[in-house]
Amino acid sequence: MGGTDPAEPVLDRDEVDRALARLAAEHEAIETSLLALQDHAGRRLLEGAELTGVTKERWARAEASIALLWTYFDAYTDALRRAQQIRARRRWSSHEDLVALTELLRGACVTVPGSAEAAAGGPDAGRLSRRFTLAALVERINELYAAGLDVVIAADTVWSALPARIDLLSAELQRTRRLAHSVGVRPGEHPAGDDLERITRTLTKLREQVISDPLAFWVPASGSSAPGGGRPDTTVYDRQARALEDVRREVEAVLGVRRDAEQRLLKLRDVLSRADRTLAEARTARGEVLAKIAATEVPVVSGPPTALHEQLATAAEYRRRAQWHRLSPLLDALEQKAEDELQRARESLTAVTAPLAVRAELRGRLDAYRAKVARHGLAEDPLLVERYDIARRMLWSAPCDLRVAEQAVLRYQQAAAELLGAARVPGQGAPRDDGGTP
């Protein structure tokens, strides 16, 4: 049996009146909260939904807790009413009244059946009954209310946020699908079409899961015990939104291909034509080098890029048939390959004509030194004339051995440098140099 602690003093009239006023205010606040919970849209949705998974388990416990709340509230109401009735008997309460009021207000005077706690999964659920003080009963009511409200708010928040966002994304998905179909991006024919089908399936399944098990998509706030503290888990939704954005960009790229296909094909033909002309020039130059330059390794020039021309013809056919989804990746690949082919042709021409460039450089160097010695009146020197004739004959005859010709030019340079040095008059500095450096 319950009761007050014998050592606890009996409340006086003022203490009783203050306690009753506080309990009456708490009673009104609890009643207001319970009625608000009873009318909460989230609770009504939970009661009418076909729940699964985590939400089904938690709502079963929460629903029992909410029912238990009313049982506890009724017990609280009865205890408070008894106390108010005792206090209302007399204006000045007798000692016996104050003892009874102290027992009601401070003692464990409220008995609740254990079956009620068992339904809510509460502590001491196996006991036949449980006794509370009014203060402990209010605390227990607050615990049950917070637990039930947390489930209701969490489910309502998820339902308010995710299904609407999924519906908006699904509408965007349908618009993207129509655009994709208009340019031939369909499942089995283009990767983006397959992605659209996968996103559709995922969003359909996600919406079903959110409706039946909203609490599976709830992330409680860390460190917060307030009811409804947390946020909806949008991980799956966000991933699908990003995937749809990627598909949308891909479809827009295909639409851009449809718009710019003719211009891009013309540019491709021009690039390949320039590559062909450059390779033809390189083949002609190679024949010239082989005829004019001796003892030189001249790289072989490849033929025209037949495979690229065939792919270009395929691209033109795709455009004619409006197969934009196939034309898009082909054009992207062809543009890069065509630029690579033009660069390769230019490098081939440079490599083939390198010996001619070396010969031209040697010719220029020989003439520059001859002009220099002529300015100093040494052009008719027999040694210089001899060495110049030898170098010139090698550089202007075919085939030209570049290694031997380079040595001849070097010998002419050395002889010129020696004569120019000997021609300097002591004390008057070096003769004026208007040409190249020896």
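Contact here means heavy atoms within 4.5 Å. The model is predicted.

By this criterion, and leaving aside neighbours within four places in sequence, Gln-413 is in contact with Arg-365 and Tyr-369. The side chains of Gln-413 and Arg-365 are joined by a polar contact of 3.0 Å. Gln-413 lies in helix H12, which spans residues 402-422. Its relative accessibility is 13%. Gln-413 therefore counts as buried, since buried means under 20%.

Two helix pairs were then examined. Two packed helices are described by the angle between their axes and the distance between the axes.

Helix H1 (residues 13-38) packs with helix H6 (residues 134-182) at an angle of about 20°. The axes are 11 Å apart. H1 is therefore roughly parallel to H6, because angles under 35 degrees count as such. The crossing of H1 and H6 is left-handed. H1 contributes Leu-23, Glu-26, Ile-30, Ser-33, Leu-34 and Leu-37 to the contact. From H6 come residues including Leu-134, Val-138 and Tyr-145. By class, the contact of H1 with H6 has 10 nonpolar, 1 polar and 1 charged residues.

Helix H9 (residues 306-320) and helix H10 (residues 324-375) cross at roughly 150°. Their axes come within 10 Å. This angle makes H9 roughly antiparallel to H10, the cut-off being over 145 degrees. The crossing of H9 and H10 is left-handed. Among the H9 residues in the contact are Leu-308, Gln-311 and Arg-319. H10 supplies Trp-324, Arg-326, Lys-337 and Glu-341, among others. The contact of H9 with H10 has 9 nonpolar, 2 polar and 4 charged residues.

Notes. Residues are numbered from 1 along each chain as its sequence is written. This is a predicted model: local features need pLDDT of at least 70, side-chain atom pairs count only at pLDDT 80 or more; totals for chains, interfaces and linings use all residues. Side-chain values use heavy atoms; hydrogens and water are left out. Helices (H or I, at least four residues) and strands (E, at least two) are DSSP runs, numbered from the N terminus. Buried means under 20% relative accessible area, exposed over 50%, partly exposed in between (1.4 Å probe, protein chains only). A polar contact is a pair of N or O atoms within 3.5 Å; within protein, one must be able to donate a hydrogen and the other to accept it, and residues adjacent in sequence count only if both atoms are side-chain atoms. Axes are lines fitted to C-alpha atoms, for helices over the stretch in contact, and angles run from 0 to 180 degrees between N-to-C directions. Angles under 35 degrees count as roughly parallel, over 145 as roughly antiparallel, 65 to 115 as roughly perpendicular and the rest as oblique. A crossing is left-handed if the near helix is turned anticlockwise from the far one by less than a right angle, and right-handed if clockwise. Ala, Val, Leu, Ile, Met, Phe, Trp, Tyr, Cys and Pro count as nonpolar, Asp, Glu, Lys and Arg as charged, and the others, Gly among them, as polar.
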